[in-house]
Amino acid sequence: MRHRLDSKGQRKGKVIDYRVSELRVVELLVGLCDKMEDYTLEKVDSKRYEWVRVESWDNLSGNKQEAKAYSKDLSSYCGRLLEETEDELAKLIKKGSVKVGGLSKILCQDLSKHCKQSSDSHEVDADDN
């Protein structure tokens, strides 16, 4: 609600629907990329990696330092991507175009065009590290 008090102490103003409010935009975007630090790349076979959610870094098998580096890279990339598309994304949220669960598709595919694969696995060339 956007409001102010009039000279008689009565609230005056207009009610703004939460779904299209600035508050919702802020709540959706703040901390979004921090959640990416819960994911890392896991080798499936010699040419394929998959993003997986890490339940506990202590119980992670394999190279923990490398896994944490992938996690930090993903979080940093998310931050850059969000920074590039923040204004357009905020407009879409305020218009009511972002449905529940649709934020990642809009951010990754529609606005930035960075994600073209429909799955969460990624094949790498022999030259990729």
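## Model and overall fold

Helices (H or I, at least four residues) and strands (E, at least two) are taken here as DSSP runs, numbered from the N terminus. On that basis the protein has three helices and five strands, and along the sequence they follow the pattern β-β-α-β-β-α-α-β. This is a predicted model, in which local features need pLDDT of at least 70 and side-chain atom pairs count only at pLDDT 80 or more, while totals for chains, interfaces and linings use all residues. Residues are numbered from 1 along each chain as its sequence is written, and side-chain values use heavy atoms, with hydrogens and water left out.

Where contact means heavy atoms within 4.5 Å, 48% of the contacts between residues at least 6 apart in sequence join residues at least 24 apart.

## Confidence

The predictor's confidence in each residue is given as pLDDT, from 0 to 100; its mean over the protein is 78, and 87% of the residues reach 70 or more. Over residues 118-129 the pLDDT is below 50, although this stretch has 14 contacts in the model beyond near neighbours in sequence. Where pLDDT is low, the predicted coordinates should not be read in detail.

The link of Cys33 and Cys78 is left-handed, with -75 degrees about the S-S bond. Because Cys33 lies in the loop between helix H1 (22-29) and E3, and Cys78 in helix H2 (residues 64-95), the pair ties together parts that are 45 residues apart in sequence. Cys33 counts as buried at 10% relative accessibility, and Cys78 is buried as well, with a relative accessible area of 9%.

Ser75 also has its place in helix H2 and counts as buried at 11% relative accessibility. Leaving aside its neighbours within four places in sequence, Ser75 is in contact with Cys33, Asp34, Met36 and Glu37. The C-alpha atoms of Ser75 and Met36 are separated by 5.0 Å, with the two residues 39 apart along the chain.

## The second largest pocket

On a 1 Å grid over the protein atoms alone, a pocket is an open set of points where a 1.4 Å probe fits, with protein on both sides within 12 Å along at least five of seven lines, and lining residues have an atom within 4 Å of a point. Grid points are joined across faces, edges and corners, and a volume is the space filled by probe spheres set on the points.

About 210 Å³ of space lies in the second largest pocket, which is lined by 13 residues, with Leu41, Glu42, Lys43, Ser61 and Asn63 nearest its centre. The elements that give two or more residues to this lining are E3, E4 and H2, and the largest share, four residues, comes from E3.

How values were computed
Disulfide = S-S within 2.5 Å. Buried < 20%, exposed > 50% of the residue type's maximum accessible area, 1.4 Å probe, protein only.
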